[in-house]
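Trainee: Please pick one part of this model and take me through it closely. I would like to know how it sits among its surroundings, with the cut-offs for each term.

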Amino acid sequence: MVGWLLLSFGVAFGSAILPVVSVEMFLIGLCASQPTMPWLLLGAIVAAGQVGGKTLYYLAAKGTIKLPKPLHDRLHRERPPTPRRERWRARTKKMRARLDALRERCHRHPHWMAGTYGVSSILGLPPYMATSVLAGLVKMPLASFLATGFLGRWLRFSLLAASPALFAGWFHY
């Protein structure tokens, strides 16, 4: 059982950094194949892995850790204007204005960011990765980031871990 818990933490951490693996599908598959796994503990382990991985995004957005030079240079270099870039800027102007307005509101009302981030950690909407970065940009306190993220993710993943047993119980009646 310890091996499955360590693997679950690793998958959760890895999927938080590079989201090509669905930790939700992994968790449901694991619980369906290993029905004796303690779902509350598994939810906590996966939540810790997810929040640990997203903390790197938070710290990078906050400016606490620096990106590697090639990545930093690629993201922050000045690009000459081209017709294609100008069309893209024109199309995304409203979206960028809304994001700037949201960022400004979060700066003025830090408790809103905690609420938005908390809802995102449970529902996944707005996207959890985006709210993790936004929390770093508005300099949300690290303790609040970790506590809110862990509690929301623990609730989400505990419910997902319990779901295969719930459905199996429905089908046996």
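Mentor: Leu 123 is found in helix α7, where helices are DSSP runs of H or I with at least four residues, strands are runs of E with at least two, and both are numbered from the N terminus. The model is a predicted one, in which local features need pLDDT of at least 70 and side-chain atom pairs pLDDT 80 or more, while totals for chains, interfaces and linings use all residues. Residues are numbered from 1 along each chain as its sequence is written, and side-chain values use heavy atoms, with hydrogens and water left out.

Leu 123 has a relative accessible area of 55%, so it counts as exposed (over 50%; buried is under 20%, and partly exposed lies in between, with a 1.4 Å probe and protein chains only). Leu 123 belongs to a nonpolar surface patch of about 1000 Å², together with Trp 39, Leu 40, Val 119, Ile 122, Leu 125, Phe 150, Leu 151, Trp 154, Leu 155 and Leu 159. Helices α3, α7 and α9 (142-171) each give two or more residues to this patch, and α9 gives the most, with five. A patch takes residues with over 30% relative accessible area and no salt bridge; nonpolar side chains (Val, Leu, Ile, Met, Phe, Trp, Tyr) are joined within 5 Å and like charges within 9 Å. A salt bridge is a side-chain nitrogen of Lys or Arg within 4 Å of a carboxyl oxygen of Asp or Glu.

Another residue of α7 (110-123) is Ser 120, which counts as buried because its relative accessibility is 0%. Beyond four places in sequence, Ser 120 touches Leu 125, Pro 126, Pro 127, Tyr 128, Thr 131 and Arg 153 (contact is heavy atoms within 4.5 Å). Leu 125, a member of the patch, is joined to Pro 126 by a cis peptide bond with omega near -5°. Pro 126 lies in the loop between α7 and α8 (128-137).

On helix α3 (39-62), Val 51 is a residue to look at. Its relative accessible area is 5%, so Val 51 is buried. Apart from neighbours within four places, Val 51 is in contact with Tyr 128, Leu 146, Gly 149, Phe 150 and Arg 153. Of these, Tyr 128 and Arg 153 also touch Ser 120, and Phe 150 is in the nonpolar patch. Val 51 and Ala 12 are 39 residues apart in sequence, with 8.7 Å between their C-alpha atoms.

The rest of the chain gives the setting. The protein has nine helices and zero strands, and from the N terminus on its elements run α-α-α-α-α-α-α-α-α. Of its 173 residues, 31% are buried. Contacts between residues at least 6 apart in sequence join residues at least 24 apart in 75% of cases. The protein exposes about 11100 Å², of which carbon and sulfur atoms supply 70%; accessible areas come from the Shrake-Rupley method with a 1.4 Å probe, and for residues only the protein chains shown count as cover.
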